[in-house]
Amino acid sequence: MNKVKLFSGYFIVDNLIYHNQEAINKLKEMVNNRDPYLTISKLNGSFRYVIESDSQICFGIDHFGGYSLFYKTSPSLQVMINPVDYADVSDIQDEQLCSLLASGFCYGQNTLYKDIKECLPGFFYNYDKKSKQLNSINWFNIDFSKQRLREKDELSDIFLNLIPKNFKTSTLALTGGIDSRLLLSLLRKNNTDYQTITYGTKDNPDIKLVEQIAKASQVEHKNIKLDKMNLEPYFAGKKLSNFFAAGFLGRSLPFECDWVVSDLISNSTSWITTGFTSFWLRPPYQDSIPVSNKSQLMKKLLDSQCRQTLISSSSFREILEGNITKSMSHFSTNCFDTNYDRWNIENRQHKYIINTSNNYRFNQIEVFMPLFDRRIMHFLNNTSRDQRLEQKIFMESIISDIFTGNEAYLKQIPSTNPKFTNQLKNQKPRVNKWRNKLLRLDHNNLNRIIRRPNNPMYQIIQSVLMQSPNYLSLKVEQAFPKINNTISLLFDLNLKNSANHLNWLKNKRVAQLNLLGIEILGFIVESFDQLTSSPK
């Protein structure tokens with residue numbers, strides 16, 4: 001008999017959503033005396049699971065990676081939620097720390113710790129107790145191998161059936177963007193009880209748009225304005241350690257704004273509904289440049305993902321290339337554009353989704369992400385790249401089929417998204433090729449130096465980590481005076497490549513880093529030794 005040893009999250013069956021104990025009871029019923037693979041391979045939702053029988057242990061996560069789960073097979077199988085609890089500082093791998101320094105996350109199944117792997121989305125892991133062999137089956141494949149032109153009506157029909165009929169109460173993260181407007185429309189059509197929130201700095205251009213949308217929707221709305229006064233308490237002392245621990249999990253860094261918001265709304269909701277579509281629904285404009293060989297693919301990934309703290313040497317670059325190559329080992333196609341899209345989904349997006357979600361789950365709030373519904377992902381997996389670029393088929397669907405009737409006002413209220421405006425005017429969105437060329441030449445992140453520092457993270461860094469009003473002009477060593485201690489610690493741990501990278505980086509200007517790069521240094525210098533050597 002199969003026993004459900006662990007389940008977190010939700011899944012949808014026959015347009016009904018199951019969550020917490022209700023989900024566990026339903027899953028027990030579904031896997032009783034059945035092959036667990038047949039059940040899991042049909043599940044649609046965001047979850048992690050461990051199912052055990054007398055002969056085997058099955059485990060894994062959902063099709064898009066809304067939850068994380070880790071494992072190690074030596075000396076015997078251990079399945080874990082947080083690898084930090086099963087490893088110590090001596091287990092840290094130098095090459096994986098290099099990836100974290102360069103981009104904010106580890107690639108593929110790797111974590112910072114040797115022998116500890118992360119479950120890939122859509123894989124079914126099966127451990128045979130007798131032979132002590134671990135096998136995996138890919139039950140949801142993201143490869144875009146059957147791309148073809150699709151009709152927008154097909155996507156519209158999926159949208160209109162996204163919200164489960166028993167999904168009753170939620171808080172919608174309303175940004176003023178198109179994704180959240182779509183979810184607002186679908187919640188209204190489903191007669192769901194909901195409230196809306198928006199958050200950001202006072203000069204966030206979407207806030208006024210959100211206020212118009214909330215007023216026109218006649219919905220209870222909360223506007224959370226993030227500034228130095230209400231951010232600082234969340235990024236000091238024990239709360240700073242909790243922030244890193246909530247999202248880090250041994251392989252990437254958390255999102256700061258959601259950390260604050262999750263606490264502010266923790267007493268008012270048990271669900272937050274969010275779009276978070278990123279690369280899945282549409283590759284951004286810079287991704288429209290074709291990739292025709294492995295060298296171009298590697299350069300594109302390094303340029304787009306691995307310049308958070310700059311690249312210090314050719315050996316450092318070689319380590320990153322090796323890590324990226326290993327993370328693609330299960331890719332089955334030689335189409336380099338496809339591999340670029342797939343890498344972004346399996347790595348950057350999957351891990352950022354988890355770390356956004358973990359901030360809310362730390363405060364007992366479940367994250368509902370309808371736009372990662374299995375039906376949508378399957379549809380887009382078989383949709384031509386031209387239709388996905390710049391959200392083309394997505395925009396056509398919602399403008400003509402969703403934002404109609406009582407929801408027509410959602411396309412009448414303006415948007416800061418030019419693609420949405422162009423679609424309404426029946427103009428083809430233009431790819432800004434000159435801007436793209438400048439970005440590709442911008443090896444020192446100059447576009448980040450000259451932009452206004454209105455992101456909340458700047459204020460967090462200034463008020464908590466740096467304590468300096470002119471931090472952007474400082475050398476890294478001046479901004480992070482503890483960095484030499486961290487470098488010594490890394491050398492002591494024989495993490496030489498990472499130590500050499502920081503030793504080179506300390507003489508650079510803070511302005512040469514982007515926000516995530518500054519946050520990476522904040523983590524490494526301020527909390528790394530505490531988190532990795534804390535009592536287990």
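This is a predicted model: local features need pLDDT of at least 70, side-chain atom pairs count only at pLDDT 80 or more; totals for chains, interfaces and linings use all residues.

**Entry 1: cavities.** I looked up the cavities of 30 Å³ or more and found two. I listed its lining as Y10, I12, N44, G45, H63, F64, F368, M369, P370, F372, D373 and R374. Sorted by class, this lining has seven nonpolar, three polar and two charged residues.

**Entry 2: salt bridges.** I counted 14 salt bridges and examined several of them.

I began with E29, which pairs with K26 at 3.7 Å between the closest N and O atoms. Both residues belong to helix α1 (residues 20-31) and are three residues apart, about one turn of the helix. E29 counts as exposed because its relative accessibility is 56%, and exposed means over 50%.

I then turned to E154, which forms a salt bridge with R150, with the closest N and O atoms 3.0 Å apart. How accessible are the two partners? E154, at 32% relative accessibility, counts as partly exposed. R150, at 12%, counts as buried, because the cut-off for buried is under 20%.

I next checked E366, whose salt bridge with R361 has its closest N and O atoms 3.4 Å apart. Here E366 is buried, with a relative accessible area of 4%, and R361 is buried as well, at 16%. Elsewhere, salt bridges that share partners join K152, D153 and D401 into one network.

**Entry 3: nonpolar cores.** Which residues of the largest nonpolar core touch the most other members? Among its 56 residues, I found these to be L97, L320, I324, L502 and I524. Elements giving two or more residues to this core include α3 (94-103), α12 (314-327), α13 (336-361) and α24 (496-505). The largest share, seven residues, comes from α25.

Leaving out residues up to four places away in sequence, L320 touches C98, S99, A102, Y107, L302, C306 and I311.

I recorded a second, separate core of 45 residues, which includes F7, I265, M369 and F372.

Notes:
Residues are numbered from 1 along each chain as its sequence is written. Side-chain values use heavy atoms; hydrogens and water are left out. On a 1 Å grid over the protein atoms alone, a cavity is a set of points where a 1.4 Å probe fits but cannot get out, and a pocket is an open set with protein on both sides within 12 Å along at least five of seven lines; lining residues have an atom within 4 Å of a point. Grid points are joined across faces, edges and corners, and a volume is the space filled by probe spheres set on the points. Ala, Val, Leu, Ile, Met, Phe, Trp, Tyr, Cys and Pro count as nonpolar, Asp, Glu, Lys and Arg as charged, and the others, Gly among them, as polar. A salt bridge is a side-chain nitrogen of Lys or Arg within 4 Å of a carboxyl oxygen of Asp or Glu. Helices (H or I, at least four residues) and strands (E, at least two) are DSSP runs, numbered from the N terminus. Buried means under 20% relative accessible area, exposed over 50%, partly exposed in between (1.4 Å probe, protein chains only). A nonpolar core is a set of buried Ala, Val, Leu, Ile, Met, Phe, Trp, Tyr and Cys residues joined through side-chain atoms within 4.5 Å. Contact means heavy atoms within 4.5 Å.
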